[in-house]
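Biologist: I am new to reading protein models. Could you walk me through a few features, one at a time?

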Amino acid sequence: MKSFIVALAVLGSAVSVQAASGLKGNGVYGVAGCGLGSLVFGNEEGAMQVIAATLNGTGVQTFGITSGTSNCGKGLFAKAEVNSFIESNSVALENDIARGQGETLSTLNNMLGCDSKFNGTLQQNYKEIYAPGVNSSEKIVTLAQSCQG
Amino acid sequence: MKMGLLLFSLTISSLALATGDLSSRASTEKWGDNIQWLRLLQYDKNTFGGYTSPAENPAFFLHPEGKTNPALELQATISALLDPEKKIKSKDGQFNESAACVFPARKLWLEKISGQKLPSVPCERYERFIEILQPQSLTYVFSSYYLNNPASAFGHTFLRINKSASARDGERYELSDYGVGYAAVKVSDNPFIYSFLGVSGLMPGTFDINPYYYKVREYNDFESRDLWEYDLNFTPEEVQLIVANIWELISAEFNYHYFKENCSYRILALLEAARPSLELTKDLKSQVMPADTVGTLYQQKDLVKNIHYRPSIRATFDTRYKKLGPAEQERIRQFARTESLSQLVAGLETQQKRDTLDAAMDYLDFRYPKEILRKQGAYLFKKDILLARAELGGASEPLTVPAPWNEAPHDAQGSRRWGLGYREWNSDRFYLLDTKLSLHDLLDPKKGYPPTAEITMGAFSFSFNPDNEEIALDKATVYEVISLAPVDAFNQGFSWRLKVSVERGYENGCTTLCRWTELSGGSGITKSYWNDLDLSLWLRATGQTSPDFIGDTWKIGAGPAVSARWNRDWFALFAESYYRYDYKGFEHEYRQNTLGVNFSVNKSLSLRLSGEETNSVQRGEARLLYYY
């Protein structure tokens, strides 16, 4: 019987299930702005679930929230959404900025209304953007004001 | 005023007429039995007639008996859609909306089948949902096997809702698309509770929707898994209906069943609902393997338009590394050993410096995903590389990682199989019948599966001895994983194996054939040559228990093993030699040599020969295997 229980446990944990994210917003970056949350570690790292994405809870709530009760406004890419894109993609984006090119960076450019010239601007300002204590997304958004002008 | 009143009563009466008209048409024309209606609400046929929808949330049904009565649910839906004043409260009580806003797919379908426009109602949330998604087309995404997380060992599938091209520059930005998945809501971290709930279907499951970049960051970057993207050929109307149906189902709740009604099953059910001619779930096996569902879609006529590959961070690194010259490759190998930046690029030309720093970044990303995401440890060190790269300036050349088509899931052989064979064992003869529920072993052709791993769950082998006419269960493998993780300059990880089984044999100090329960595992180092030869050195431990053992009912021991595996195209070989010393048990020394070869005739047929010698008990067998 004992061996059966062990077997069952192994069996159960091995099948194809993707643990959905919980409702917690206790991520490394905290819950970002209004909309899309942040990459969040579950309470327990390891076998069951290493990483979970949360959107202030679930997708439904996101859409509930963005439809009026938050500060996000109506714009499709309100500032807060740009911020959460930058935070959620921070590793890949930082790589792209250092390399002056990449998919994550061009997606951001599209959101900000910038063209590929902005890649060079960000690369030149890499040190400032990612200096300790600097809010990187704020810095990027400020630099992006040059694109509109 | 009078005019207004007249108009008002006219509207009311025409509405009443419409209600009567629609609901009587629905019952005379039997719309309640319409396959699309049944599929939109995910109704399943009961064994003894009638239907039941697996949706658990009462708010998903407008009629009290809606869960089991599609016709009554349809009538209730018709009257709710015709009465925009009737509000439906959401599950969390936060929203109070007209039926048209809660059930837009039902409305679309009803308009289509009746040829009649239903009252249009402003739906702020649903319109916002559509505005954010901008749904244009759909892609079915397979996230490859991830042995390091048992919950993902069989892969995972989800749907991507593709936006239209950017109005700015006409480009598509896939990271801005949305992914829709069906997943179990994790209710416990305790693996025992978790497993029990999962297997018994007591765990709630829900649809979730996240930006695609979450999926890319999680699977490609953090877990280093490849993504295979299958663009589906749905018309704009079908896409609209699927997205509307997703909206309805997001607030419904289901019971998650690991084996059947799992992530892949529910997504296929969604696609079927949009196109009644599709039959995707009917022929699915009693367990649904995500990879099999990719094959199911691929086999549909004209359904898959294109296949794209999105590389894992490891594959990205490998490509960058291969593009370097020999001197820079040596720098990277040295960097992986010393993790010192000072020698990495000193003295190189600018372009070589760029390429080398780019490769070093990816190396750290796949080697230390957790530290880098958390901005600790290796991240602080990686900072120096990023800064050096940024200061060099200049854009890196866009990288194209070649797709490893041999690992693409759509063309793999079936994950289940039957076997028929003959065995001679310790001078006894047996006829064999065996069956395996999943997934893939080291001797099966590699195509479409993890090339260096075996995952077996639920394999049973029965034998018939013609001399004494005995039928017996010879072996039941509950679970066996062998992960050969080849060591190279950039991966120092261990290979590992784990097995839980019930087996029968002459060895182990049994006077005749006896049966025992086994739990065994091991850790080892594997080195690969020419991509197809894997040589491993193991430390293995085995625990066995049986009331049939002589003396002690337990045997526990450990010892070294060496194994060699060759697997290319249609031919595979696996040989292993294992020495075990038991500190508990009848005999203390135990030697086992095994050899297996597999000839793959085609995708569904293999011939397998194997031999084993265990403490002078010999066994030889030949089997014909059928995969489906």
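Modeller: We will start with the chains as a whole and then look at helices, a glutamate and the backbone. This is a predicted model, in which local features need pLDDT of at least 70, side-chain atom pairs count only at pLDDT 80 or more, and totals for chains, interfaces and linings use all residues. Residues are numbered from 1 along each chain as its sequence is written, chains are lettered from A and ligands numbered from 1 in the order in which they are written, and side-chain values use heavy atoms, leaving out hydrogens and water.

Biologist: Which residues of helix 5 of chain B are buried?

Modeller: They are P104(B), A105(B), R106(B), K107(B), W109(B), L110(B), E111(B) and S114(B). Because eight of the 11 residues of helix 5 (residues 104–114) are buried, this helix is largely enclosed by the rest of the structure. After helix 5 comes G115(B), with a positive phi near 65°.

Biologist: How do I describe two helices that pack together?

Modeller: Two packed helices are described by the angle between their axes and the distance between the axes. Axes are lines fitted to C-alpha atoms, for helices over the stretch in contact, and angles run from 0 to 180 degrees between N-to-C directions. In chain B, the axes of helix 9 (residues 236–250) and helix 10 (residues 263–274) come within 9 Å and cross at roughly 130°. That makes helix 9 of chain B oblique to helix 10 of chain B (under 35 degrees is roughly parallel, over 145 roughly antiparallel, 65 to 115 roughly perpendicular, and the rest oblique).

Biologist: Which residues make that contact?

Modeller: Contact means heavy atoms within 4.5 Å. Helix 9 of chain B contributes E238(B), L241(B), I242(B), N245(B), I246(B) and L249(B), while helix 10 of chain B contributes L270(B), L271(B), A273(B) and A274(B).

Biologist: Is E272(B) buried or exposed?

Modeller: E272(B), in helix 10 of chain B, is buried, at 4% relative accessibility. Its side chain reaches the backbone nitrogen of L280(B) at 2.6 Å. Beyond neighbours within four places in sequence, E272(B) contacts R39(B), L278(B), E279(B), L280(B), T281(B) and K282(B).

Biologist: What should I look for in the backbone?

Modeller: Most residues other than glycine have a negative phi, and most peptide bonds are trans. Here, N426(B) has a positive phi near 55°; N426(B) lies in the loop between strand 12 (417–425) and strand 13 of chain B and is partly exposed at 35%. E469(B) also has a positive phi, about 55°, and is exposed at 62%. The peptide bond from S438(B) to L439(B) is cis, with omega near -5°, and L439(B) lies in strand 13 (residues 428–440) of chain B.

Terms used
Helices (H or I, at least four residues) and strands (E, at least two) are DSSP runs, numbered from the N terminus. Buried means under 20% relative accessible area, exposed over 50%, partly exposed in between (1.4 Å probe, protein chains only). A polar contact is a pair of N or O atoms within 3.5 Å; within protein, one must be able to donate a hydrogen and the other to accept it, and residues adjacent in sequence count only if both atoms are side-chain atoms.
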